[in-house]
Amino acid sequence: MRELSASLDQLSEVSDAIVQALPEGGVVILQGTLAAGKTTLTKAFAAHLGLDEAVTSPTFSLQQCYGEQLFHYDIYNHGLDHFLALGMFEELEKEGYHLIEWGDETLATLLKSAHIPTIKVEISKLDETKRTYRIEDA
């Protein structure tokens, strides 16, 4: 487990820690309260990968793709069952990084049984500009 405290302008350090934990890509389960900064971290991660695309929350679209190496999901509105019913689990087998907002232990268990490399990043809000990022195996 690795824990980092970072302000918004230090998210490249958190992004680098994610790449170190998953050097070949895999799934990153993003956890935290509403407005903790899950999409903000995804924006910083995209920039860290050298992607110039505007990153937006996939709350209503379920999935956003950025280039061929970054996939962003949000399962808050419809839940894991809906995500699975749509066949989205197969998407997670694609090469690249898959950042999933609101993933849970059930998802982590499914990913582990499918041998998909997975980590969890728990985001805790310290104040308006600073967060704690706890990175651990899922």
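Predicted model: local features only at pLDDT ≥ 70, side-chain atom pairs only at ≥ 80, totals over all residues.
Trainee: Which pattern does the protein chain follow along the sequence?

Mentor: Helices (H or I, at least four residues) and strands (E, at least two) are DSSP runs, numbered from the N terminus. In this case four helices and seven strands follow one another as β-α-β-α-β-β-α-β-α-β-β. The radius of gyration, taken over C-alpha atoms, is set against a globule rule of 2.2 Å times the number of residues to the power 0.38. For the protein chain the radius is 14 Å, close to the 14 Å that the rule gives for 138 residues, so the chain is as compact as a globular protein of that length.

Trainee: Which residues of helix α4 are buried?

Mentor: Buried means under 20% relative accessible area, exposed over 50%, and partly exposed in between, with a 1.4 Å probe and protein chains only. In α4 (residues 105-113), the buried residues are Leu-107, Ala-108 and Leu-111. Seen down the helix axis, they fall within an arc of 100°, so they line one face of α4; the arc is that of the directions from the helix axis to the C-beta atoms. On the face turned away from this buried side, α4 carries the exposed residues Thr-109, Lys-112 and Ser-113.

Trainee: What do the buried residues of α4 pack against?

Mentor: Contact means heavy atoms within 4.5 Å. The buried residues of α4 pack against β2 (25-31), α3 (79-85), β5 (96-101) and β6 (118-125).

Trainee: Where is Trp-102 placed, and with which residues is Trp-102 in contact, leaving aside its neighbours within four places in sequence?

Mentor: Trp-102 lies in the loop between β5 and α4, where it is partly exposed, with a relative accessible area of 25%. Beyond those sequence neighbours, its contacts are Leu-30, Gly-32, Thr-33, Leu-34, Lys-38, Asp-74, Ile-75 and Tyr-76. One of these, Lys-38, is also listed among the buried residues of helix α2 (residues 38-48).

Technical notes: Residues numbered from 1 in each chain as written. Heavy atoms only, no water.
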